[in-house]
Number of protein chains: 2
Amino acid sequence: MPPTDAASTDRTKVRRLADRGRYDRDTINAILDEGLVCHMGFAVDGRPWVMPTTYARVDDRLYVHGAVANFALKTLSSGVEACVTVTLLDGLVLARSAFHHSMNYRSVMLFGHAERVLDPQEQYDAMVALVEHLVPGRRHDTRLPRPDELRKTLIVRLSLDECSAKVRTGGPVDDEEDMDLGHWAGVLPLTITPGRPQPDGGEAVPAYLSEWRITRGR
Amino acid sequence: MPPTDAASTDRTKVRRLADRGRYDRDTINAILDEGLVCHMGFAVDGRPWVMPTTYARVDDRLYVHGAVANFALKTLSSGVEACVTVTLLDGLVLARSAFHHSMNYRSVMLFGHAERVLDPQEQYDAMVALVEHLVPGRRHDTRLPRPDELRKTLIVRLSLDECSAKVRTGGPVDDEEDMDLGHWAGVLPLTITPGRPQPDGGEAVPAYLSEWRITRGR
């Protein structure tokens, strides 16, 4: 396995529909960099929690942040194991049979133990990365974090050591005997699209915002 | 509490930013009906898993399906507790400071024990609901499930007894001293938008598909 690959373990190995599994770091990074929301799972006394939040990838680390009182982050930084999933929905797959309906998607599932970030420089860099992840270019047009703000923020780091991606692309896979039923079949592509920016003040819409779709690679 | 409200328990009570909590069934149903993907969490030997999948709501029940060999569904139907989260991302909130950047979203978090659906009629109705949830109107233009297909499908049901919603709307909330920094601030609205249907055969694009955005209420 080349060194850029994420480790494929028993857990990250895609079992069902194994041809949809992807383990190379480029695929995993591209999904993480395009996504805006992750779903962060952990268990407390054996009971599961799944919390949506934003995140940012820096190299082989994923950062998640919130207020110091944030229940999920406090729990995660206490050392419990996490499973973080990012899912991009690319389309609805309409087959001739209800049974074969599907979705096109790209997802990443990451397992690991979160660690609280305590170093002020790493906290600062993570905060900037979190803003930059949402809106590339924004770091140059916002007031950057102050030490007192970093102290109010709980940031955790997960390493991308144990993760995998799952990808479905393409059209419906129908049974031969359904092909002539006359039902429309195919894919309805779906994209996250920005609307017109809604200003809170009088400043002109900056280029990095009007070009948001492009800069995020879609 | 009126009978249409979901039960607000210690777990579903929104603690951080409590004014974002919503407990009425109309809000919860609207989020579940608009979402396309849920993230289904459970723990095995104390270790968390978060799996993305589609779902459908029917009255006060949520249905999730997959192949009978599906690991997540087999685990869930063995009686372990689940946490299912649906998140709709409505926009990026750009504040004048990096610290106050946020997102507008609507999310539902549901706790419960999944039960495997064994009744063939309920299986059939759930399969139809799953297709209809993705593309309203599709049930009239697809071959509906056969008994052998239902036998190949594992469907689980979760009740909406213990759930809550969390909603953020509106613009950035900046510190007074940052208001005159000259940085653009406001909201970049985000919507899931359908592209041009990609046909697998020669049938004309049906109205329920070209009107998909409208029929799903956006």
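Biologist: Which residue in β9(B) is the bridge partner of B:L62?

Modeller: The partner is B:L158. This is a predicted model, in which local features need pLDDT of at least 70 and side-chain atom pairs count only at pLDDT 80 or more, whereas totals for chains, interfaces and linings use all residues. Residues are numbered from 1 along each chain as its sequence is written, and chains are lettered from A and ligands numbered from 1 in the order in which they are written.

Biologist: How many bridges join β5 to β9 in chain B?

Modeller: Two strands pair if DSSP finds at least two bridges between them; strands (E, at least two residues) and helices (H or I, at least four) are DSSP runs, numbered from the N terminus. Here, seven bridges link β5 (residues 61–67) and β9 (residues 153–159) of chain B, which run antiparallel. Both belong to an open antiparallel sheet of four strands, ordered β4-β5-β9-β8 (chain B). Its edge strands, β4 (56–58) and β8 (115–116) of chain B, each pair on one side only.

Biologist: Is A:H39 buried or exposed?

Modeller: A residue is buried if 20 or more other C-beta atoms, placed from the backbone, lie within 10 Å of its own, exposed if 12 or fewer, and partly exposed in between. A:H39, in strand β2 (residues 38–44) of chain A, is buried because it has 28 C-beta neighbours inside 10 Å.

Biologist: Which residues does A:H39 contact beyond its neighbours within four places in sequence?

Modeller: Contact requires C-beta atoms, placed from the backbone, within 7 Å. On that basis A:H39 touches A:V50, A:P52, A:T85, B:H39, B:V50 and B:T85.

Conventions: Contact = placed C-beta atoms within 7 Å.
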